[in-house]
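Keep the model in view as you read.

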Amino acid sequence: MIKRELNFKGNSPLLYLISTPIGNLEEFSQRALNVLNDIDYVAAEDTRNSGSLLAKFGIKKPFIMCHEHNEEEASTKIISLLKEGKKVAYMSDAGYPAISDPGERLVARCIQEDIKVSCVNGSNAALCALVCSGLPTKHFYFYGFLPSKGSERRKELAILKDREDTTIFYEAPHRIDDTLKDMKEAFGGSRKASIGRELTKAFEEFIRGNFDELCELDKETLKGEMVIVVDKAEKHAKSLTDEDVKALLLDYCKSMKSKDAIATVVKETGIPKNKVYDLYISLKN
């Protein structure tokens, strides 16, 4: 039987995950500050960065270092403190813990030990870059950082090139040139993309264009951590069989009128309307 308990009721220990500003300190929420003022220990990816951040808000707490190289060991200590009744929060350097940052293993260990987990919402670079990109947001896929080794990066991009979702990548300035060239090779020069850099900071910039254009940018002007948002791949009608189209029609007809279902399939697949209509009639017969 699944054990259930409201996060803020009952006596089970609770780990807080604190989302931190990705640039603009005014985005540090009052709730985050309230939680941090109330806890006993702060677990942090980099205690120097987190210490500086908390000092700006007049908060002083004992720190536990928890980064990718000691996360298992640190998790054991954090879990022990939580079971002793201490209040602990974990925060990464910027943005959400466990999103291209440490914290995933800590959360998994806590859940294994019946310790509840709650996230204090805040800034997220991926979503910020996505909604400002001008690219489709209905379905998107967050990839994060590509491999730093060129051959591995190109292999991953070859797998991702046909995704029919807007895809989001993180990238560092010293790799942006090679990454854009590899993306152009994998996705094609005409695929649209957006680069968001210095998000929420004074020099925030969004650069939108296709990969032919993005690869011509002066790389000396691409400073700071970046988010690359890539347009979805187009569906290819020739890859869909008649049976595939019929299955789509049947699925859409469950939730909409036949006329709307046909129009939706035409829009999504690029197959001529008369062809889709004929397949719909064959289903009725």
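Two strands count as paired if DSSP finds at least two bridges between them. With that in hand, turn to this predicted model. Strand 8 (residues 192-197) and strand 10 (residues 226-230) run antiparallel and are joined by five bridges. Ala193 stands opposite Val230 of strand 10. Arg197 stands opposite Met226, also in strand 10.

Strand 10 has another partner. Strand 7 pairs with strand 10 in the antiparallel sense, again over five bridges. Here Tyr170 stands opposite Val227 of strand 10.

Five strands make up an open sheet with the order 6-7-10-8-9 and mixed pairing. Strand 6 and strand 9 (205-210) stand at the edges. Each has a single partner strand, so one side of each lacks a neighbour in the sheet. On average, neighbouring strands of this sheet are turned by 15° against each other, direction ignored.

How many of the five residues of strand 10 are buried? Five of the five are, so strand 10 is largely enclosed by the rest of the structure. The cut-off for buried is under 20% relative accessible area. In a regular strand, side chains alternate between the two faces of the sheet. Met226, Ile228 and Val230 point one way from strand 10. Val227 and Val229 point the other way, and all of these residues are buried. Helix 7 (residues 176-187) lies across strand 7, strand 8 and strand 10. Helix 7 runs at about 5° to strand 10.

The bridge partner of Tyr16 in strand 4 is Ala89.

Now follow the rings. A pair of aromatic rings is described by the distance of the centres and the angle of the planes. The structure holds seven aromatic pairs. One of them is formed by Phe8 and Tyr16. Phe8 and Tyr16 are stacked, at 6.5 Å centre to centre and with 20° between the planes. Is Tyr16 buried or exposed? At 18% relative accessibility, Tyr16 counts as buried.

Tyr143 and Phe169 form a tilted pair. Why tilted? The ring centres of Tyr143 and Phe169 are 5.5 Å apart and the planes stand at 45°, so the pair falls in that class. Tyr143 lies in strand 6 (residues 140-145) and Phe169 in strand 7 (residues 166-171). The pair therefore ties together parts that are 26 residues apart in sequence. Phe169 is buried, with a relative accessible area of 0%. Tyr143 and Phe169 also belong to one aromatic cluster with Phe187 and Phe211.

Arg163 lies over the face of Tyr141, at 3.9 Å from the ring centre.

Methods
Residues are numbered from 1 along each chain as its sequence is written. This is a predicted model: local features need pLDDT of at least 70, side-chain atom pairs count only at pLDDT 80 or more; totals for chains, interfaces and linings use all residues. Side-chain values use heavy atoms; hydrogens and water are left out. Rings of Phe, Tyr and Trp (its six-membered ring) pair if their centres lie within 6.5 Å; planes under 30 degrees apart count as stacked, over 60 as edge-to-face and the rest as tilted. Buried means under 20% relative accessible area, exposed over 50%, partly exposed in between (1.4 Å probe, protein chains only). Helices (H or I, at least four residues) and strands (E, at least two) are DSSP runs, numbered from the N terminus. A charge sits over a ring if NZ of Lys or CZ of Arg is within 6 Å of the ring centre and within 35 degrees of the ring normal. Axes are lines fitted to C-alpha atoms, for helices over the stretch in contact, and angles run from 0 to 180 degrees between N-to-C directions. Contact means heavy atoms within 4.5 Å.
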